[in-house]
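Thanks for coming, everyone. Let me put the model up on the screen and walk you through it.

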Amino acid sequence: MAAGPMKMRASVNGGVTDIRVLMTHPMETGQRKDQDGKLVPMHFIQNVTVKLNGKTVVESQISQGVSRNPVFSFRVKGGARGDKVEVSWVDNQGESNRTETAIA
Amino acid sequence: MIRAAVVFLAAVCALPAGAQDAKKEIERYQRMVSEGSPVELFEIGGEELWKKPAGPRNVSLEKCDLGLGPGVLKGAYARLPRYFADTDRVMDLETRLVHCMTTLQGRSLQDATRRVFGNEDRPSELEYLSAYIAAQSRGVKMAPGTRHPKEQAALELGRALFFHRAGPWDFSCASCHGEPDRRIRMQELPVLYEPRYARAVVATWPAYRVSNSQLKTMQWRLNDCYRQMRMPEPTFGSEATVALNLFLAATGQGEPYRGPGTKR
């Protein structure tokens, strides 16, 4: 349910690769109440992994829901045009998604 | 003498400078917000819906004629609202989509308009589709239909509605959108009968609203304006809402489309 589309852009500039990735996710904080007044349980992306040509370059942990449909951006040293960037996430309910693109 | 001049200058500059700073800060905020806009996710979702077979006939919307021929999407949104000969009426994007759902897919009107406005947990299919279709007009100059007699009639009706005061507060659209340099909190109120203000507005709707985490359509915008004016809720896709939409689009014509936008 949470795993909707993702959209990623990666470009290299001066030896640094800029990666921006948009994720579909409700990112519930656990504080919000639904129409019946019941708390909506926490549901957020917990781990984000960025791989460059199959090698893990960023591994991040997120402690709470930050924003619905969040954008994450990473700056990674190295990388060249055409290199493969892969971003994947796992949320606190075990759902996951991934996307990949070539550096432009 | 010099001191007096400095004091005088300071006094003259003080007031506008404050207003300018606030405006600049609002612009900076809006820029930051649009850089991380999830509007593309709605475009992707809309493309899937456009191509997905649905309804009793189990066909997709790909043969839907938005004015430039069946299935032609490039630049179609920039030409709406416009007159359609097959229905003999002026239609905007959402009205036309509902028409395609009922004629092509064989869905009932009731089924096609069951959820015209979604919520953040479950957006409406019209919201996804609007984002996808509007995006195919990026860079195309807005040029809604204004020549056909029915288009001209709608334009006049829209103009009349814009200035028509009614409801318990005796409000019209022009009550809020009729004077320059007004705003509600962070939101500037553009003077929508003047092209220089209207252009930026029509070029960025439909739009993702950060405060609701939702993509909003023009029909929603008009509907919610009427709610804020404490007027009865207008019927979705009605002659009145399409006319008002055409009036706004025609006032802002000529601007290259750069949406779907991002609003506060």
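**A hairpin, a sheet and a helix crossing**

I'll start at a turn. In chain A, β3(A) and β4(A) form a hairpin with 2 residues between them. A:Asn53 sits in that turn, with a positive phi of about 50°. A word on terms: helices (H or I, at least four residues) and strands (E, at least two) are DSSP runs, numbered from the N terminus. Two strands pair if DSSP finds at least two bridges between them.

Some housekeeping. This is a predicted model: local features need pLDDT of at least 70, side-chain atom pairs count only at pLDDT 80 or more, and totals for chains, interfaces and linings use all residues. Residues are numbered from 1 along each chain as its sequence is written, while chains are lettered from A and ligands numbered from 1 in the order in which they are written.

β3(A) and strand β4 (residues 55–61) of chain A run antiparallel, joined by 6 bridges. Look for A:Asn47: it stands opposite A:Gln61 in β4(A).

Now the other partner. Strand β3 (residues 45–52) of chain A is joined by 7 bridges to strand β6 (residues 84–91) of chain A, and these two run antiparallel. A:Thr49 stands opposite A:Ser88 in β6(A). A:Leu52 stands opposite A:Val85 in β6(A).

4 strands of chain A form an open sheet, in the order β4-β3-β6-β7, with antiparallel pairing. Which strands stand at the edges? They are β4 and β7 (96–102) of chain A; each has a single partner strand, so one side of each is left without a neighbour in the sheet. On average, neighbouring strands of this sheet are turned by 15° against each other, direction ignored. For angles, axes are lines fitted to C-alpha atoms, for helices over the stretch in contact, and angles run from 0 to 180 degrees between N-to-C directions.

Chain A as a whole, then. Its secondary structure comes to 0 helices and 7 strands. Along its principal axes, the C-alpha trace of chain A spans about 50 × 20 × 20 Å. Of the 104 residues in chain A, 25% are buried. Buried means 20 or more other C-beta atoms within 10 Å of the residue's own; exposed means 12 or fewer; partly exposed is in between, with C-beta atoms placed from the backbone. Next, contacts: two residues are in contact if their C-beta atoms, placed from the backbone, lie within 7 Å. Among contacts in chain A between residues at least 6 apart in sequence, 54% join residues at least 24 apart.

Most residues other than glycine have a negative phi, and most peptide bonds are trans. A:Met27 lies in the loop between β2 (16–23) and β3 of chain A. Buried or exposed, this A:Met27? Buried, with 21 other C-beta atoms within 10 Å.

B:Arg230 has a positive phi of about 60° and is not a glycine. Its place is in the loop between α9 (218–228) and α10 of chain B. B:Arg230 counts as exposed, with 12 C-beta neighbours inside 10 Å.

Chain B also has cis peptide bonds to show you. One joins B:Trp205 and B:Pro206, with omega about -5°. B:Pro206 is in the loop between α8 (195–202) and β5 (207–209) of chain B. Another joins B:Gly259 and B:Pro260, with omega about -10°. B:Pro260 is found in the loop between α10 and β7 (261–263) of chain B.

Now the helix crossing. The axes of helix α6 (residues 149–163) and helix α10 (residues 239–251) of chain B come within 7 Å and cross at roughly 90°. α6(B) and α10(B) are therefore roughly perpendicular to each other. Angles under 35 degrees count as roughly parallel, over 145 as roughly antiparallel, 65 to 115 as roughly perpendicular and the rest as oblique.

Last, the two chains together. How many residues of chain B are in contact with chain A? 9 residues of chain B, with 9 residues of chain A.

That's my tour. Questions, please.
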